[in-house]
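User: Please take me through the reasoning behind some of the labels used for this predicted model.

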Amino acid sequence: MRNRLFAGAAALAATAALVALQTGTANATVAGPVLYTNIGVAVNVGDALSADLVTGTLATMYNPGTTTGVKCTVSHISGSVGVNPTVTPTTTATASGPVTGLTFSGCTSNVVGVTGVNSLTMDTLPYTLSISDAPGYPVSLSPIASGTQIQATAVLKTLAGTATCVFRATSASLQGNATNVPPQINLVNQSLTKFSGPSICFPSINFSASYGPVIDSAPGNGGTVLVN
């Protein structure tokens with residue numbers, strides 16, 4: 001079996017199906033579950049998964065094309081496995097599961113007039129994080145509740161008082177990709193637009209974060225999650 005690392009996304013992820021994968025062909029070399037751990041145990045439906053930011057990286061929400069906005073040194077994504085299908089050398093499959101936690105801390109801002117960040121939260125949890133065993137190993141993060149959008153709220157300290165900036169994803173889901181070298185899942189420049197807030201809030205932001213590795217904490221597994 002190919003050791004394509006299930007990372008994340010978280011996710012985000014991861015997330016969060018939070019997955020990172022090895023580059024190579026799109027399907028498994030042998031039939032088996034999409035997800036298993038580095039100790040050779042299949043990941044069971046219901047197993048708890050979690051991941052933090054890749055060491056040395058930041059979660060950012062920046063004004064598009066700049067490095068101005070909010071950055072966080074700590075982010076954690078958690079959830080569980082909802083679907084872990086069988087994949088074969090001639091078929092593709094998608095593993096997925098609910099993301100019930102996506103948190104941020106250690107956040108700062110370099111926006112002129114902003115003196116601090118009170119909080120950064122994701123408002124419309126739970127999400128579904130999925131990973132497809134298809135070329136490019138695409139990852140998606142989407143709301144579970146019908147009619148909702150991925151929404152982020154940044155509460156900022158400003159020279160004029162507190163500013164609450166609410167942003168919503170411009171598409172139905174956030175899109176990412178997974179890799180095995182390094183083992184992580186990446187969400188890069190995912191677009192959100194301002195839903196509400198004063199003029200100090202940017203009209204749009206790009207969200208970026210890399211999570212991994214994903215850990216299966218279920219009794220009897222307790223290892224890094226891999227993809228067949």
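Analyst: The structure holds 2 disulfides, and with bonded cysteines counted along the chain they follow the pattern 1-2, 3-4.

User: What makes Cys-72 and Cys-107 a disulfide?

Analyst: Their sulfur atoms lie 2.0 Å apart, and a pair of cysteine sulfur atoms within 2.5 Å counts as a disulfide, so the label applies. The link is right-handed, with 105 degrees about the S-S bond, and it joins distant parts of the chain, Cys-72 being in strand E8 and Cys-107 in strand E10, 35 residues apart.

User: Why are Cys-72 and Cys-107 called buried?

Analyst: Buried means under 20% relative accessible area; Cys-72 has 0% and is therefore buried, and Cys-107, with 14%, is buried as well.

User: How do you know that Cys-165 and Cys-201 form a disulfide?

Analyst: The sulfur atoms of Cys-165 and Cys-201 are 2.0 Å apart, which is within the 2.5 Å cut-off, so this pair is a disulfide. The link is left-handed, with -75 degrees about the S-S bond, and it connects Cys-165 in strand E15 to Cys-201 in the loop between strand E17 and E18, 36 residues apart. Both Cys-165 and Cys-201 are buried.

Methods: Residues numbered from 1 in each chain as written. Predicted model: local features only at pLDDT ≥ 70, side-chain atom pairs only at ≥ 80, totals over all residues. Heavy atoms only, no water. Helix = DSSP H or I, 4+ residues; strand = E, 2+ residues; numbered from the N terminus. Buried < 20%, exposed > 50% of the residue type's maximum accessible area, 1.4 Å probe, protein only.
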